[in-house]
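Please look at the sequence and the 3D structure together before reading on. The report below is meant to be read with both in view.

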Amino acid sequence: EVQLVESGGGLVQPGGSLRLSCTASGFVFDDYDMSWVRQAPGKGLEWVSGISWNGGRTYYADTVKDRSTISRDNAKNTLYLEMNSLKSEETAVYYCAKHRRDYSDHWDMDYWGKGTLVTVSS
């Protein structure tokens with residue numbers, strides 16, 4: 001029933017920017033915290049950013065802090081991630097993920113989207 005569908009991936013030049021979207025369905029979207037996670041080719045999962053149920057709190061990995069913005073539009077059941085000054089090593093599949101109602105670990109997620117590929121290359 002729960003569905004998370006990412007969009008907005010594609011080819012981006014080094015130094016460029018992106019705006020990813022994740023549309024959610026099958027649950028009460030504004031009851032849950034959400035996160036973005038990415039996986040570069042041949043590497044493990046890296047948590048990127050998170051946001052509280054009402055957008056009141058946002059969190060960022062040190063590697064993306066100061067050049068990323070996570071946001072959500074609960075009326076549209078949509079999560080967003082904007083990043084600037086992209087680097088080639090940030091080529092990855094970007095996933096959105098739903099957290100459990102009560103959790104204490106950023107990795108405690110129960111549903112994931114299928115991901116959208118971002119390729120940073122000239």
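Predicted model: local features only at pLDDT ≥ 70, side-chain atom pairs only at ≥ 80, totals over all residues.

Residues are numbered from 1 along each chain as its sequence is written, and side-chain values use heavy atoms, with hydrogens and water left out.

A nonpolar core is a set of buried Ala, Val, Leu, Ile, Met, Phe, Trp, Tyr and Cys residues joined through side-chain atoms within 4.5 Å, where buried means under 20% relative accessible area with a 1.4 Å probe and protein chains only. The largest such core has 30 residues, and those with the most contacts inside it are Trp36, Leu79 and Leu81.

Leaving aside residues up to four places away in sequence, Leu81 touches several residues, including Trp36, Val48 and Tyr94, a contact being heavy atoms within 4.5 Å.

Strand 5 is mostly covered, since five of its seven residues are buried. Two strands pair if DSSP finds at least two bridges between them, and the table gives both antiparallel partners of strand 5 listed here.

| Pair | Bridges | Opposite residues |
|---|---|---|
| strand 4 and strand 5 | six bridges | Gln39 and Leu45 |
| strand 5 and strand 6 | three bridges | Gly50 and Tyr59 |

In the hairpin of strand 4 and strand 5, with five residues between the strands, Gly42 takes a positive phi near 75 degrees. In the hairpin of strand 5 and strand 6, with six residues between the strands, Gly55 takes a positive phi near 80 degrees.

How values were computed
Buried < 20%, exposed > 50% of the residue type's maximum accessible area, 1.4 Å probe, protein only. Helix = DSSP H or I, 4+ residues; strand = E, 2+ residues; numbered from the N terminus.
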